[in-house]
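The sequence and the model come next, and the description follows them.

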Amino acid sequence: MEEGEGSNGGVFEGGLEVRVLVVDDSPVERRMVEGLLKKSGAMFQVIAVDSGKRAMEVLGLTDDKAEHPTVDHQKVDIILTDYSMPEMTGYDLLKTVKEQSCRKPIPVIIMSSENEPQRISRCRAIGAEDFILKPLQTNDVLRLRSYARPTELSPRTGTKRKMALELMAENSGSDRRPRLAGLAVS
Amino acid sequence: MFIYTRPAYQFCQVVLQGYLDEQFYQLEELQDESSPNFVEEVVTLFFRDSSRLVANIDQALQKYPQDFRRLDNFMHQLKGSASSIGAAKMKNECTSFREFCNKENREGCLRSFQKVKKEHAVLKQKLENYFQ
């Protein structure tokens, strides 16, 4: 598991950090997403894991909690998971997270390289907040913040940093990026 | 290991030849003072991961030649990595391979895989030339 350093511990002007759990079995894609999240400003703290199973450990959803000390799942604001992973898919992870009985389940955004309507519908049907086509772009990352649970964002103290929003990669086509009619979690 | 010191425009040749697409510029844009070796890091990760996947596919073609689902899964991973760094030609060959898997065409898979390996090797050489 790779734990991000919280964008150098900064607090962006006017706000709080969003703690993102990135789940992807590809080390290249994991690193790219992490880079995108950190570049978009001091708003994201990243935890990157390579499997659904590891994600469950971070979220405290494994059976054997004693053997695997975990981060309190309330400290993860958003889950950004690949759809296609071995053993436990992103869909399986999404289903498990949404089945939790807690009052405010964590928002889950699915990433996939395949633009399949059936896949998107399937994820939407069980509560995915959004579905993003890979490879991710800066615009995709910036809208993640809207899915964070505003009452439970992790406050950080430290040196203020100006939020770097200048970086805008050219979006190669909005029609490539299906969006669910998701709701910002209340 | 790749040591990246050249500015973006010098990659134009590689882009124009079709080996890399605009996605590669995103890597460069993500490199800054806080991540000064980002391009090198990701490219190194890519070649390490892709070499592993190519070896897996090679082995699978020998040991499980009719297991098209297994072959497709490996190639899906390889294609994903290639897409992330903008390896356009390699990505296209990965797509062809998957199409042959879909049709359960072993001969097609074998021919296509040779092209995947060739594009992988050529890209590695071109990036080595630019980085060092």
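Buried means under 20% relative accessible area, exposed means over 50%, and partly exposed lies in between, with a 1.4 Å probe and protein chains only. Helices (H or I, at least four residues) and strands (E, at least two) are DSSP runs, numbered from the N terminus. This is a predicted model, in which local features need pLDDT of at least 70, side-chain atom pairs count only at pLDDT 80 or more, and totals for chains, interfaces and linings use all residues. Residues are numbered from 1 along each chain as its sequence is written, chains are lettered from A and ligands numbered from 1 in the order in which they are written, and side-chain values use heavy atoms, with hydrogens and water left out.

**A helix of chain A**

Helix α3 of chain A spans residues 52-59, and six of its eight residues are buried, so the rest of the structure largely encloses it. The buried residues are A:G52, A:A55, A:M56, A:E57, A:V58 and A:L59. Among the elements covering them by contact (heavy atoms within 4.5 Å) are β3 (18-23), β4 (44-49), β5 (78-82) and α4 (90-99) of chain A. After α3(A) comes A:G60, with a positive phi near 75°.

**Chain B and a helix pair**

Chain B has six helices and zero strands. Of its 132 residues, 48% count as buried. Among contacts in chain B with a separation of 6 or more, 66% come from residues 24 or more positions apart.

Two packed helices are described by the angle between their axes and the distance between the axes. Axes are lines fitted to C-alpha atoms, for helices over the stretch in contact, and angles run from 0 to 180 degrees between N-to-C directions. In chain B, α3 (residues 38-63) and α4 (residues 68-85) pack at about 160°, and their axes are 10 Å apart. The pair α3(B) and α4(B) is therefore roughly antiparallel, a term for angles over 145 degrees; under 35 counts as roughly parallel, 65 to 115 as roughly perpendicular and the rest as oblique. Their crossing is left-handed, meaning that the near helix is turned anticlockwise from the far one by less than a right angle.

Residues making this contact include B:F46, B:L53 and B:I57 of α3(B), and B:L71, B:F74 and B:L78 of α4(B). The contact of α3(B) with α4(B) divides into 13 nonpolar, four polar and three charged residues. Here Ala, Val, Leu, Ile, Met, Phe, Trp, Tyr, Cys and Pro count as nonpolar, Asp, Glu, Lys and Arg as charged, and the others, Gly among them, as polar.

**Backbone details**

Two residues have a positive phi although neither is a glycine.

The peptide bond from A:K134 to A:P135 is cis, with omega near -5°. A:P135 sits in the loop between β7 (130-133) and α6 (138-142) of chain A.

**Cysteines**

How many disulfides does the structure hold over all chains? There are zero, where a disulfide is a pair of cysteine sulfur atoms within 2.5 Å. B:C94 is in no disulfide, and the nearest cysteine sulfur, that of B:C101, is 11 Å away. B:C94 is buried, at 0% relative accessible area. A:C123 also counts as buried, at 0% relative accessibility.
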